[in-house]
Amino acid sequence: MSKYVQDMSIDGDEPPPMYFTKEIIPSSLPLISLPLINLTLLSSSSKEGVQELQKLKQALSSWGCFQAVSHGVPTSFLDKVRQVTKQFFDLPTKEKQKYARAVNDFQGYGNDPILSDHQVHDWSDRLFLNLIPHNSKNLQLWPNNPIDFREVVDEYTEKMKVIAEVLLKAMARSLNVEEDCFLKQYGDEQVMAARFNYYPLCPKPDSILGVKAHSDGSAITILLQDIQVEALQILKDDQWYRVPVIPHAFLVNAGDQIQIMSNGIFKSPMHRVTTSSNKERISVVIFHLPNAEVEIEPVKALIDEETPQQYRKLKNYPAINFECFQSGKIPLDTVKF
């Protein structure tokens with residue numbers, strides 16, 4: 001790309017043709033009320049804890065996502081995460097380019113990686129960073145400005161790792177299978193990455209998306225939404241729904257890998273991000289997933305005569321997911337048993 005999306009927006013450029021979708025994006029869609037899941041209750045053996053596990057199972061087997069509350073992360077710290085994200089994208093382009101990603105790398109500052117001449121581009125810039133394992137981090141691409149960016153992200157990493165592990169264990173318990181059955185498929189090292197997103201003003205919100213429709217190649221995705229601006233949409237039964245902003249909740253969705261490991265019980269939802277002509281937006285996404293070199297498969301206890309195995313054993317699913325979506329294929333369809 002010769003120009004970042006943020007710069008095109010500031011300069012008032014006409015968006016190039018590759019940013020336009022083939023569909024008209026409705027300005028008005030129904031608003032969904034996703035389940036609120038109390039993360040503190042998920043670890044409780046009380047009656048309320050058991051009920052919360054059933055809510056979790058129902059949410060993930062229907063919508064594939066929920067709003068996580070009572071998660072233990074102070075609201076002041078979430079505001080700080082948003083603040084350093086906004087401060088980074090407010091820097092001059094030359095300063096941000098110090099952390100630019102290489103053409104064939106995901107890590108670093110840039111926009112939508114280009115795999116095909118026919119690919120529809122996302123109207124967003126992002127900073128993608130590997131978080132764990134620590135030897136996967138490229139610290140040269142971690143901003144020194146704002147000065148507390150690295151410290152905040154390191155602390156956020158530890159908090160998200162704890163939440164992801166709590167969720168994976170609760171998800172297993174909700175299915176009455178061994179608590180560690182999902183985590184065991186992660187191998188010796190969990191993988192976690194962050195994507196800091198900036199969605200600038202867009203002159204054509206009816207035909208340009210901030211992020212095109214996709215499902216995630218992760219096991220779990222934890223989204224910190226913009227504190228005010230709504231943009232996320234979820235597809236269910238061929239209908240798109242708007243997702244409301246709950247300022248200090250996390251929007252958690254199942255990724256394709258947990259759909260595989262749960263033998264299709266949990267659903268990885270198709271979702272997209274819209275644009276706006278009068279409101280910019282930021283978000284922070286955490287992807288939590290198994291090591292790419294470790295094979296994953298449906299949990300044996302979830303396979304029987306009535307529910308045969310849905311997906312084959314495989315590894316490095318994120319690569320399959322990314323390539324399929326950029327070429328217009330549904331990744332999960334390509335790995336069915």
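1. At 0% relative accessibility, Thr-85 counts as buried, a word that here means under 20% relative accessible area, with exposed meaning over 50% and partly exposed the range in between (1.4 Å probe, protein chains only). Thr-85 has its place in helix α4, where helices (H or I, at least four residues) and strands (E, at least two) are DSSP runs numbered from the N terminus. Leaving aside residues up to four places away in sequence, Thr-85 touches Phe-196, Ile-282, Ser-283 and Val-284, contact being defined as heavy atoms within 4.5 Å.

2. This is a predicted model, in which local features need pLDDT of at least 70 and side-chain atom pairs count only at pLDDT 80 or more, whereas totals for chains, interfaces and linings use all residues. Residues are numbered from 1 along each chain as its sequence is written, and side-chain values use heavy atoms, with hydrogens and water left out.

3. On the overall fold, the chain has eight helices and twelve strands. The C-alpha atoms fill a box of roughly 60 × 40 × 40 Å along the principal axes, and 54% of the 337 residues count as buried. Among contacts between residues at least 6 apart in sequence, 76% join residues at least 24 apart.

4. Val-84 also lies in helix α4 and, at 1% relative accessibility, counts as buried. Again not counting residues up to four places away in sequence, Val-84 touches Pro-146, Asp-148, Phe-149 and Val-152.

5. How do the axes of α4 and α6 cross? The axes of helix α4 (residues 75–89) and helix α6 (residues 149–174) come within 10 Å and cross at roughly 130 degrees, where axes are lines fitted to C-alpha atoms, for helices over the stretch in contact, and angles run from 0 to 180 degrees between N-to-C directions. The two helices are therefore oblique to each other, since angles under 35 degrees count as roughly parallel, over 145 as roughly antiparallel, 65 to 115 as roughly perpendicular and the rest as oblique. The contact is made by Phe-77, Leu-78, Lys-80, Val-81 and Val-84 of α4 together with Phe-149, Val-152, Glu-155, Tyr-156 and Lys-159 of α6.

6. Two cis peptide bonds deserve a check in the model. The bond from Ile-132 to Pro-133 is cis, with omega near 0 degrees, and the bond from Asn-145 to Pro-146 is cis, with omega near 5 degrees. Pro-133 is found in the loop between β4 (125–132) and α6, and Pro-146 lies in the loop between β4 and α6.

7. Positive phi values are a further point to note. Asp-237, a residue other than glycine, has a phi near 50 degrees and lies in the loop between β8 (232–236) and β9 (239–242); at 66% relative accessibility, Asp-237 counts as exposed. Asn-316, likewise not a glycine, has a positive phi of about 50 degrees and is found in the loop between β12 (281–289) and α8 (317–326), where, at 34% relative accessibility, Asn-316 counts as partly exposed.
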